[in-house]
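Colleague: Please put the model up, and we will go through part of one chain by question and answer.

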Protein chains: 2
Amino acid sequence: MNVQPRTLSGFMELLPRQQQLMESIMSTLRETYSLYGFTPLDTPVIEASEVLLAKGGGETEKQIYRFTKGDSDLSLRFDLTVPLAKYVALHYSELAFPFRRFQIGKVYRGERAQRGRFREFYQADIDIIGDGKLDIANEAEIPAIIYQTFSKLGLKRFQIRVNNRKILNGFYTMLGLADKAGDIMRTVDKLPKIGEEKVSALLTGELGISPEAAGEILKFIAIKGGNQQVLEALEGYRGRSELFDTGLDELGTVVKYLSAFGVPEENFAVDLTIARGLDYYTGTVYETFMTEHPEIGSICSGGRYDNLAEYYTDKLLPGVGISIGLTRLFYVLNEQNMLSQEKNTAPADVLVLPMTEDLSPAIALATGLRNEGVRVQLYTEQKKFKAKMNYADKVGVPYVVFLGEDEVKEGVVACKDMKTGEQTKLDFQGTLERIRGGLAKRNEGPVIVA
Amino acid sequence: MNVQPRTLSGFMELLPRQQQLMESIMSTLRETYSLYGFTPLDTPVIEASEVLLAKGGGETEKQIYRFTKGDSDLSLRFDLTVPLAKYVALHYSELAFPFRRFQIGKVYRGERAQRGRFREFYQADIDIIGDGKLDIANEAEIPAIIYQTFSKLGLKRFQIRVNNRKILNGFYTMLGLADKAGDIMRTVDKLPKIGEEKVSALLTGELGISPEAAGEILKFIAIKGGNQQVLEALEGYRGRSELFDTGLDELGTVVKYLSAFGVPEENFAVDLTIARGLDYYTGTVYETFMTEHPEIGSICSGGRYDNLAEYYTDKLLPGVGISIGLTRLFYVLNEQNMLSQEKNTAPADVLVLPMTEDLSPAIALATGLRNEGVRVQLYTEQKKFKAKMNYADKVGVPYVVFLGEDEVKEGVVACKDMKTGEQTKLDFQGTLERIRGGLAKRNEGPVIVA
């Protein structure tokens, strides 16, 4: 030994049982995204800096892992949106639009390391990209995808909050504050954190807005209630800004199709305080909150944008997308003890312990079970029986199968359920059925438990 | 537009339909590895250089992507073995041994870019790590895993070639050439490329071996035939080197259990010319060849090693592992036209084309199909009918569903099979069954076709 092994801080490296839960989450995401017609994509982790940083600057630039190799100025991707923009611009003529893709991949940001912040983390993104235009129905479908995704994962108490930037921008236009809309939204975003009074002070102070207009703004974003109530209240503003009216129509369409998309009312709310910081959102915007853990912030966000790839192409490519910060979500779920303790996270369903000199019968049994789709580990180390059972306990394997001379002669298999302790001696088929039944029960629950 | 979009050379970026095939391959690998009790692992792409390069040097060092971020000297992983060694040493007390893990992940090597060579590529590795000891049965199981993996992928004509380094080292010890064993093996490795005469010349020339010994070596590695024949020929050498005898026993054990592990004779051969370049293999070594494409070289290689993590721990951690260079394999299969043209690579199984003003019935239909596990894309763009059908053709979707006022009234669905052109008007259940039947047929074939 000459080097102390370590993993860099800010980099998640899971132990096997937790990794199994992470894999289960990823597999659910892949499945759900696929159900909605999204195709999987995989782009390089490294891109030319010139390409990746085409948009330039901002806060991200400082955080980027950028380096040279030979003559090349390279950077690690810091999100999956920029690589998507590059991909769509580069392969434009070979893609069919609307282009729906999902990507689950690692991204890199050299942030200051702190608890729950990661420098390497998975994002799970979906985007729908139109060529020139993109129908509003796509924006209406997004809440359904968010709902299905988290429901399948087992999350129960969550709410998708939706707003429309056209409504906000239209409203500020009515007040003659169009040029300050961005600043106002960033200020209003702080409402849950600093309260109405301080927001009002910031609006009239820093931003130089009249007290009347500030009052209008606070009154506007205080509009609350069921979806229909909010929509009705917004109707009161109709006719004063074309942009506002378009936004209201769009929001109406999103709400209208919710039930056909299978999204229950309780998991969805129109929320006029949702603005999303980024300037490039132009229509519907989404955030998703765990209702009992608002302190965690949004676990799935995104929105409609008008021009995905302006830095790479003159084609107009509007789109709508959402992103899940998967590594952080996993971290939070784990911290909150919301990950299932029930799910089978062992590397195998069955541990076969051969009790004969010749391993052939045990190997044949393992091969037979594997052919039936059962995950089997053969344990052939020369250890005491107790050590073998300790191993079974430690990896948490559901079943242990013993195969001695007697069993081989009788054509049966001794099989112990490690949870109940119950042991059976059945033939291959009987053992297989028992194992399958038990596994089905064990795996029926979701990975997230409330 | 201000930057020409591009992807770095040496970095694979697939179009959607090819990506689907790649995903299908990865999913088969995950499934197969899991059947043998391997647990998935995911380690950071970035490691501290000091840790990653603990072993130091060699040819790899030049190729490594190494850079600094803040005060940290960082490197991108160049294989999955070193991160595994670090992982096992670091988490030793929390793991159960034998520890079986698989990892499918990207690794980085800044090689000179050329056709079919990649700087970012997937490796798909499995390893079994013992604590102090590791039973030979684990080495016997590896060919079964290789066989299952490639068979499930659909590859037919391939052969797993196996040797044992103890046999080779023992043999060279008999000849009094133990200290030259490494050099001899590297020379003998060239046999298929340069022929017997040139190998002989190298042995007697560069390596200074007597012509008699060179003759013995060439005679030895010329031992060919069925597995039993080769083993019998090797028995003729027994009793002259303890190491050789151990190796022969081990090889015998590997061969003995083949049929119980379900590996057909034709897919397996003992091959005394297989040595594997790396010095750290100490027992059974494996290579896998596509019998009709020997020029491609081994598509899955590995072997037994005695000490995985000597740079990180004083614990003795012997293991056995194999690796598939997935990106290169995919590239080769594609070049050889061995990837299925039949498999459904569309982003969805069904494209729903609403023909009504109100989208609710079409959305409800899509939701219903998705609830049954059918992958559905709703196409809601305002386009001419022909443009919509062109879209369906371009993405290769198997079924298109039309839903007009008439169908809604009659409670039926018009559904067109895009391959046969056949169109049906059936109720939801009838349509679902037809789609399911068609998809099952379409997806029954493997991803690799000979």
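Colleague: Which residue of strand 5 of chain B does Pro40(B) stand opposite?
Modeller: This is a predicted model, where local features need pLDDT of at least 70, side-chain atom pairs count only at pLDDT 80 or more, and totals for chains, interfaces and linings use all residues. Residues are numbered from 1 along each chain as written, chains are lettered from A and ligands numbered from 1 in written order, and side-chain values use heavy atoms, without hydrogens and water. Strand 1 of chain B pairs in the parallel sense with strand 5 (residues 99-108) over two bridges; pairing takes at least two DSSP bridges, and strands (E, at least two residues) and helices (H or I, at least four) are DSSP runs numbered from the N terminus. Opposite Pro40(B) stands Phe102(B).

Colleague: Why is one side of strand 1 of chain B left without a neighbour in the sheet?
Modeller: The open, mixed sheet of chain B has eight strands in the order 1-5-6-11-10-9-7-8. Strand 1 (39-40) and strand 8 (268-270) of chain B stand at the edges, so one side of each lacks a neighbour, each having a single partner strand.

Colleague: At what angle do helix 1 and helix 5 of chain B pack?
Modeller: Angles run from 0 to 180 degrees between N-to-C directions, with axes fitted to C-alpha atoms, for helices over the stretch in contact; contact means heavy atoms within 4.5 Å. The axes of helix 1 and helix 5 of chain B lie 10 Å apart, and the packing angle is about 145°.
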